[in-house]
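Subject: The structure I promised you

Hi,

Here is the structure I said I would pass on.

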Amino acid sequence: MAGMVILVACGDDDGGGGDGDGYSMLQFFAPSGGLAADQPVRIPFGLGTLNGAFRAEVPDTLEVALIDPEGTEIDRQELPSLGDGLPRRYYSFEATLPEGIYSLITEVEGTELELPVQIHPADEILLVQPGDPMRPVETPTVDDARGVDPICTRTPPCDFHQQTLTSALETGNPVSFMISTPTFCQTAVCGPVLDIMEQLSSDYPDVEFVHAEVFENPGDGVTADTALTEAVRTYGMEFEPSIIVADADGTVIRRLDFIFAEEEMREALELVAG
């Protein structure tokens, strides 16, 4: 899948140390075509070293400025560190922006860091957006794998393969749909976020939970020729994991991509829960 690699935008290292010194901002969003203009977008990012390694210890909060294409500051937010249940911490900036290339700027230990953010025209983006209808898919189930093997790479398999996404949307209940592959995930969070969804599901009995894998038949590994599942193709995914939450009418209310923890998942489910 294109775009599964986490990209790095490095700030200046005033200390002049080696590649492992200093700080960088790690991009946790689609490198192209993921953020749509003129509607709310979520821009998650993390902190790492200059060579892109994740930092285990990060500030509890970060003050982050948003700079427009003309170099003018247009927003500033105090962001909490997120990541309950995940192996790494991250931050999430939210804004509604016209098309263009922006920058997120912050400062850590006296070093200014900058991360470019490209906002694309909404009609060029394949991903569903809040306000769009969900796209029915006959996802694999325990009764009909539909050629996908395995239907869940989690060990043990999750409980969200009892019905197809199409069937879930026909129940008249809110739906939480996750696309992820715990075994072959390249962002190291697919397994944890699926575990979190299982933990949260009992708190939301009126929500239909469905999980779909990324690859049809990965075997012992994934190559450039490994076929993608129908769910990935239908939803225009170029990265994983992603969770899409819809209301009882099947309208997308919230989409979380790349990295999302219990805090944001619960917040999304609260938007549709009765």
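What follows is a short tour, from the whole protein down to single residues.

First, how to read it. This is a predicted model, so I followed its confidence score: local features need pLDDT of at least 70, side-chain atom pairs count only at pLDDT 80 or more, and totals for chains, interfaces and linings use all residues. Residues are numbered from 1 along each chain as its sequence is written, and side-chain values use heavy atoms, with hydrogens and water left out.

**The whole protein**

The protein has four helices and twelve strands. The C-alpha trace spans about 60 × 40 × 35 Å along its principal axes. How does the radius of gyration fit a compact globule? For 274 residues such a globule would have a value near 19 Å, and the protein has 19 Å, so the two agree. That radius is taken over C-alpha atoms, and the globule rule is 2.2 Å times the number of residues to the power 0.38.

Of the 274 residues, 53% count as buried. Buried means under 20% relative accessible area, exposed means over 50%, and partly exposed is in between (1.4 Å probe, protein chains only). The protein exposes about 11,900 Å², and carbon and sulfur atoms supply 45% of that. These areas come from the Shrake-Rupley method with a 1.4 Å probe, and for residues only the protein chains shown count as cover.

Now for contacts, meaning heavy atoms within 4.5 Å. Among those between residues at least 6 apart in sequence, 67% join residues at least 24 apart.

The charges are worth a look too: there are 12 positive and 50 negative ones, and their mean positions are 3 Å apart. Lys and Arg count as positive and Asp and Glu as negative, while His and the chain ends are not counted. Each charge is placed at NZ of Lys, CZ of Arg, CG of Asp or CD of Glu.

**Helix α2**

Find residues 190–201, which form helix α2. Its twelve residues should span 16 Å at 1.5 Å a residue, and its end C-alpha atoms are 17 Å apart, which agrees. (The expected span is 1.5 Å times one less than the number of residues.) Is α2 mostly covered or uncovered? Mostly covered: nine of its twelve residues are buried, among them C190, V193, L194 and M197. The buried residues of α2 pack against β9 (175–179), β10 (208–212), β11 (242–246) and α4 (262–270).

**The loop between β8 and α1**

This loop runs between β8 (111–119) and α1 (165–169), and T153 is found there. T153 counts as buried, at 8% relative accessibility. Not counting residues up to four places away in sequence, T153 touches T181, P182, T183, F184 and E213.

H161 lies in the loop between β8 and α1 as well, and at 2% relative accessibility H161 counts as buried. With residues up to four places away left out, its contacts include P140, I151, C152 and H211.

Most residues other than glycine have a negative phi, and most peptide bonds are trans. Which peptide bond to P156 is cis? The one from T155, with omega near -5°; P156 is in the loop between β8 and α1. A cis peptide bond also joins E240 and P241, with omega about 5°, and P241 lies in the loop between α3 (230–234) and β11.

R146 has a positive phi, near 55°, and is partly exposed, with a relative accessible area of 36%. The phi of F258 is positive too, near 70°. F258 sits in the loop between β12 (252–257) and α4 and is buried, at 1% relative accessible area.

A36 is in the loop between β2 (24–27) and β3 (40–48). A36 is buried, with a relative accessible area of 1%. Leaving aside neighbours within four places in sequence, A36 is in contact with V41, I119, H120, A122, I125 and Q129.

S92 lies in strand β6 (residues 91–96) and is buried, with a relative accessible area of 11%. Beyond its neighbours within four places, S92 is in contact with residues including R42, L79 and E264.

Cheers

Methods:
Helices (H or I, at least four residues) and strands (E, at least two) are DSSP runs, numbered from the N terminus. The expected span of a helix is 1.5 Å times one less than its number of residues.
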